[in-house]
Amino acid sequence: MIETKSEYEISLMRQACRISALALKAAGDAVRAGISTWELDEIAFGVIVSNGATPAFLGYNGFPNSICASVNDEIIHGIPSREAILKEGDIISIDVGAVYNGYVGDNANTYAVGAISDEARLLIETSKLAFYNSLEFARPGCRLHDISHAVQETSEANGFSVVREFVGHGIGKKMHEPPSIPNYGKAGTGIRLYAGMVLAIEPMINQGSAKVKINSDGWTARTADGKLSSHYEHTVAITKAGPLILTELEG
């Protein structure tokens, strides 16, 4: 069952989303060659707790850290490590969430570590463009798979593939709520969207094949062919006036 959020509940979610966005920005600003993903995790953790919130990922189904740090061919759910040192030319997806006043905010972005290849940069830019193109359909009256189709169409038009095993999701008092939001689909299908729904829309796209594999840690998902992957995510409220990005920092 999809839970509709009132304007008041969305205002509470906006606080959690702001903290999530601040944590993501702080970790993203610290990305450089020579830093470990563990250090990035500590930065995000510090921002979250200093704002009176709780890391949404820490302990979630046993996950051991506050961020997911996924480097190069890692798609999502990468576990931060002291041994994982970023180097020039890498790309890293950072995914972070915070719980505040009982509500969850969730967002992700992929960052370049110094100078990267043109195709890696296009991959990152396309994952972001796929999100914003899909946002046009996060409106009352549209269908859920209008969002999905826009992500797929944007990604494939630029020569990339969309991950099918992992999806976006509804969000609220829980990290993952209905509905699931695939990054592929047929326009005009799926449930009809209505005001009060809050969605975590998150394109995950690969440089090569869409196929994935899971590391022995049981968490880290990576591309089966070892090629790069990019991830971009915002928490979005559907309102009568249109989509409202709750994890977007003002200014």
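**Helices, cores and pockets**

Leaving aside neighbours within four places in sequence, Q152 is in contact (heavy atoms within 4.5 Å) with V162, R164, N183, Y184 and G185. The model is predicted, so local features need pLDDT of at least 70 and side-chain atom pairs count only at pLDDT 80 or more, while totals for chains, interfaces and linings use all residues. Residues are numbered from 1 along each chain as its sequence is written, and side-chain values use heavy atoms, with hydrogens and water left out.

Q152 belongs to helix α4, residues 144-157; helices (H or I, at least four residues) and strands (E, at least two) are DSSP runs numbered from the N terminus. Is Q152 buried or exposed? Its relative accessibility is 15%, and therefore Q152 counts as buried. The classes are buried under 20% relative accessible area, exposed over 50% and partly exposed in between, for a 1.4 Å probe and protein chains only.

Beyond the neighbours within four places in sequence, Q15 is in contact with Y100 and N101. From Q15 to V99 the C-alpha to C-alpha distance is 9.2 Å, although 84 residues separate the two in sequence.

Helix α1 itself has 23 residues and reaches 32 Å from its first C-alpha to its last, close to the 33 Å expected at 1.5 Å a residue. The expected span is 1.5 Å times one less than the number of residues. The buried residues of α1 include I10, L12, M13, A16, C17 and L24. Among the elements that cover the buried residues of α1 are α2, β4, β5, β9 (198-201) and β14 (234-239).

Helix α3, residues 118-135, has 18 residues and a reach of 26 Å between its end C-alphas, close to the 26 Å expected. Its buried residues are A120, L123, I124, T126, S127, A130, F131, S134 and L135.

Next come the nonpolar cores: sets of buried Ala, Val, Leu, Ile, Met, Phe, Trp, Tyr and Cys residues joined through side-chain atoms within 4.5 Å. The largest core has 22 residues, and V31, L40, L86, I92 and I94 have the most contacts inside it. At least two residues of this core come from each of α1 (7-29), α2 (37-50), β2 (67-71) and β4 (91-100). Another core lies apart from this one, with 16 residues, including F57, V104, I171 and M175. Returning to I92, its contacts outside four places in sequence include V31, L40, L86, N109 and Y111.

Pockets are open sets of points on a 1 Å grid over the protein atoms alone where a 1.4 Å probe fits, with protein on both sides within 12 Å along at least five of seven lines; lining residues have an atom within 4 Å of a point. Volume is the space filled by probe spheres set on the points, which are joined across faces, edges and corners.

The largest pocket has a volume of about 310 Å³. Of its 20 lining residues, Y60, I76, H77, D95 and H176 lie nearest its centre.

The second largest pocket has a volume of about 250 Å³ and is lined by 14 residues, with L24, N109, H234, T247 and L249 nearest its centre. Both α1 and β5 (103-112) supply at least two residues of this lining, and β5 gives the most, with 4 residues.
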